[in-house]
Amino acid sequence: MSQPLAVKTENLGRIYKIRNNRKEKQRELLALENVNLEIREGELFGLLGPNGAGKTTLIKILTTLLSPTSGQAWVAGFDVTKQPAEVRKRINMVSGGETSGYGLLTVRENLWMFAQFYGIPSPEANRRIQKLAEIVGIADRLNTKSSDLSTGLRQKMNIIRGFLTDPEVLFLDEPTLGLDVGASRDVRSFIRRWMDENPHRTLLLTTHYMVEAEELCDRVAIINQGRVLACDTPARLKQNLRHEIFFQVWVIAPRLLDDYSFLQIPGVKHFHQFPEEDSLRLEITLEEEAVLSEVINEFAAQSARILRLEKREPTLEDVFVQLVGQRMEEVENVTVSAN
Amino acid sequence: MQKSINLRSFLTASWLGWQIESNWTDPFLFATYSIIKPVAGAAILVLMYSIVTQGNFDSPVFAYLYLGNAFYQYVPAVLTGVSWTIIDDREHYRTLKYIYTAPVNIPFYLFGRAVAKFIVGTFGVVITIAAGVLFLNVPLDWSRVDWPLFLVALFLGVLMLALGGLILAGITLMTARHSYYIGDVVAGGLFLFTGAIFPLEVLPGWLRPVGYILPITYWLELIRRSLVGAVAEAFPTFTALSNGDLLLILAGSSLVFGIASIFIFRYCDHQARERGLIDQTTNY
Amino acid sequence: MSLFPPIEKKRSGWQLFLMTVVGRSYPRVVGMQRERSWMFFDVFLPLLSVAAYVFVYRAIGAPEDYVGFVVVGGAMTAFWMNVLWSMSSQLYWEKEQGNLALYIISPAPMMAILLGMAVGGLFATLLRAIAIIAVGSLIFNVTYAVSSFWQLIAVFSLSMIALYGLGMMSASIFLLLSREAWHLANLAMEPVYLVSGMYFPVKNLGFWAAAAASVIPLTLGLDAMRQLVFASGPTLGFLRVETEIGILIILSIVFVTAARYLLAYIERLAVREGRLTENRR
């Protein structure tokens with residue numbers, strides 16, 4: 001028997017009608033198009049995509065904050081548009097960088113208040129707050145006013161708020177946004193432990209950090225411009241790239257290299273360069289290893305001296321590049337400049 | 001250099017304030033909104049007066065309270081305009097920390113932000129006075145208005161109010177966001193002492209000194225004298241004082257008030273920074 | 001041992017409603033404890049503002065009962081302010097701060113959240129109303145002649161139910177609004193004071209205007225209360241007290257029921273248009 005579905009979407013779409021000012025005519029912005037997803041109970045599912053890809057819009061729809069303009073969605077078996085009350089009993093959500101709660105209340109009081117909205121009796125709420133705070137390492141700050149918390153601690157408070165109500169389906173929208181490496185690691189290990197403990201818990205995580213998706217998720221959907229481009233386990237997504245060879249090269253060059261000449265070489269699929277402190281780092285994808293010699297010749301032609309060259313395993317970033325033709329940062333930069 | 005920073009802070013903030021104040025709706029609604037509030041406020045007093053006196057609008061008492069109330073609109077407008085900016089920028093737009101770290105003169109920035117409320121307030125004052133003259137026999141004879149006195153008093157008064165707003169802005173830096181405009185509430189409280197809608201003689205003796213130390217009291221008297229000298233003379237409060245005396249008192253008390261406001265603001269500003277309150281959000 | 005044990009029993013129905021009211025009122029009550037400045041601004045200064053209107057009546061030689069009218073009107077103003085600023089327009093702040101989305105996705109009923117905000121602010125409101133009545137009565141020697149204590153309690157309670165029902169209705173509209181909300185609340189101050197007869201008997205507006213103003217529960221509530229506590233009240237009253245009580249009962253039922261449906265309707269509309277989380281600033 002197949003596992004029950006925690007989240008299901010069918011041809012889900014959302015169009016925003018926007019105008020920048022009162023004089024301007026309304027225009028339409030396509031945020032989601034034809035999204036079909038099935039997330040099984042017990043899965044830690046990742047939505048991976050650049051900023052503005054439609055991840056947050058999808059989360060808003062699934063958490064009953066926004067209606068789709070086409071298609072349907074179910075969470076824990078209930079239609080998000082027609083049965084929002086049933087959905088709400090079973091979910092919770094945490095967003096990165098959120099400033100929820102009240103600054104004049106302490107961490108404990110803020111959390112207790114949210115527990116009340118979920119009908120958790122005070123003694124149980126207080127026990128859980130204490131325990132969760134110990135796990136995430138803010139037990140000593142429970143009596144601090146939330147306005148006095150640093151960004152990292154505040155986000156830990158939000159994380160507790162999400163887990164406190166023991167939801168069947170938990171939505172985490174960029175939960176490690178703005179956190180330092182250590183705090184992000186804590187949050188990730190916390191998420192894993194929560195999932196491991198109960199096979200009926202489901203978690204939908206959106207992120208634009210590849211490593212996060214790779215490290216945590218059972219399955220990942222790659223989303224760009226409102227469309228799901230691929231959906232599978234990280235391993236299988238990467239397996240599609242097994243015919244390609246990935247090199248990372250550090251060179252010293254008088255100037256940025258001319259990418260066009262590299263891309264002209266038959267067998268070079270992708271070529272990206274990143275200036276570092278005193279060298280250039282190059283990400284190169286080849287169809288076969290034999291092409292490498294021609295690439296090296298081209299370095300010489302452009303007066304670039306090789307410092308280091310290494311072959312590496314494909315990452316989800318490579319999967320994204322394969323699907324979109326650009327790196328995630330490049331997509332984000334284009335979106336920013338278009339805005 | 002310093003001068004240009006002050007001027008730039010003021011002008012940029014004025015532009016910003018006007019955008020925020022006016023662009024939430026279309027101009028027609030904005031105008032309606034700006035008219036209804038002051039007219040309703042004046043109508044309350046007019047009805048109270050008319051119920052008791054059976055509509056005797058020719059009495060100098062009516063002109064006294066009508067004009068006092070009309071110009072008193074500047075008090076909440078400017079006090080709130082200056083002080084609310086702290087809350088708006090700190091907790092709503094969350095830009096206060098950036099304003100603080102920019103090369104901006106904070107008091108001049110706050111004054112600038114109040115300009116929009118001052119303009120809307122002026123609109124209210126003009127509408128109220130026009131309604132009074134047209135429909136309620138407020139004895140305002142344009143040819144007999146002492147314009148120089150009026151303009152000087154108005155300028156000094158608005159300056160004094162802006163400095164008062166600065167004190168409230170300082171206090172706001174150190175307090176939470178409450179659900180009301182602190183400027184409006186303070187203006188509402190001072191309404192009692194400043195002889196805006198009744199002569200100070202009506203107050204019990206022990207309350208009057210409060211009125212005498214507030215510059216607003218002298219400002220309103222000067223405005224009334226410049227507009228309707230005859231009405232103002234009908235009340236004994238300041239008969240012993242000439243216009244010049246009153247101007248001098250207004251200027252002097254504004255100066256004292258101004259110096260105090262700068263010190264108070266600096267103190268609060270220092271405290272707020274020491275206690276890390278510049279970027280707090282205090283919603284509760 | 002499990003680090004994250006499942007929750008034994010989550011409450012629902014009326015228990016959840018009550019817990020939500022308590023939960024949302026808590027920040028208000030505690031916030032007021034921690035930020036005492038409201039006592040000065042929310043109780044003391046409004047007292048002075050009411051006194052100003054008393055002295056206007058004194059200045060124009062009004063009968064002494066009018067002083068009492070102002071005191072009672074000023075006290076009731078506090079409740080209108082509470083509805084307007086602590087409930088309706090508060091939703092706008094909740095949206096801007098990101099709390100609204102969390103309220104919506106929780107199983108807590110929105111009416112309970114709104115009630116929680118109002119109840120939390122009610123302490124300040126009650127204190128303000130009592131201070132105005134007590135100090136006002138003492139300083140201005142207001143003499144009361146209560147004709148029916150029970151009717152007075154009934155009128156006050158009904159006015160409150162209808163008023164807070166109206167507040168919840170208006171709050172639902174605030175769900176849709178952005179910055180306009182703030183201005184709308186601001187606009188509902190003086191005009192409402194005017195038409196509801198906060199400072200004078202509403203009868204003076206003329207029958208039709210007073211009848212139209214009766215949609216605001218304060219109007220009839222105030223009128224009935226004045227009739228019940230002042231000697232000259234009945235002669236200046238708009239309608240008979242019994243009639244006013246009847247209308248207040250109808251208003252209470254209509255507003256509370258309408259609030260419930262309107263909130264649900266507007267929430268659906270806001271979800272459709274994506275207005276619950278937008279931050280237009």
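Colleague: In what order do the elements of chain B run from the N terminus on?

Modeller: In chain B the order reads α-α-α-α-α-α-α-α-α-α-α-α, so to speak a list of 12 helices and zero strands. Keep in mind that this is a predicted model, where local features need pLDDT of at least 70, side-chain atom pairs count only at pLDDT 80 or more, and totals for chains, interfaces and linings use all residues. Residues are numbered from 1 along each chain as its sequence is written, while chains are lettered from A and ligands numbered from 1 in the order in which they are written.

Colleague: Why does B:I216 count as buried?

Modeller: Count C-beta atoms, placed from the backbone, within 10 Å of a residue's own: 20 or more others means buried, 12 or fewer exposed, in between partly exposed. B:I216 has 26 such neighbours, so it's buried. You'll find B:I216 in helix α10, residues 215–227. Across chain B, 50% of the 284 residues count as buried.

Colleague: Which residues is B:I216 in contact with, leaving aside its neighbours within four places in sequence?

Modeller: Contact means that two C-beta atoms, placed from the backbone, lie within 7 Å. For B:I216, that gives B:V75, B:L190 and B:T194. In chain B, 86% of the contacts with a separation of 6 or more join residues 24 or more positions apart.

How values were computed: Helices (H or I, at least four residues) and strands (E, at least two) are DSSP runs, numbered from the N terminus.
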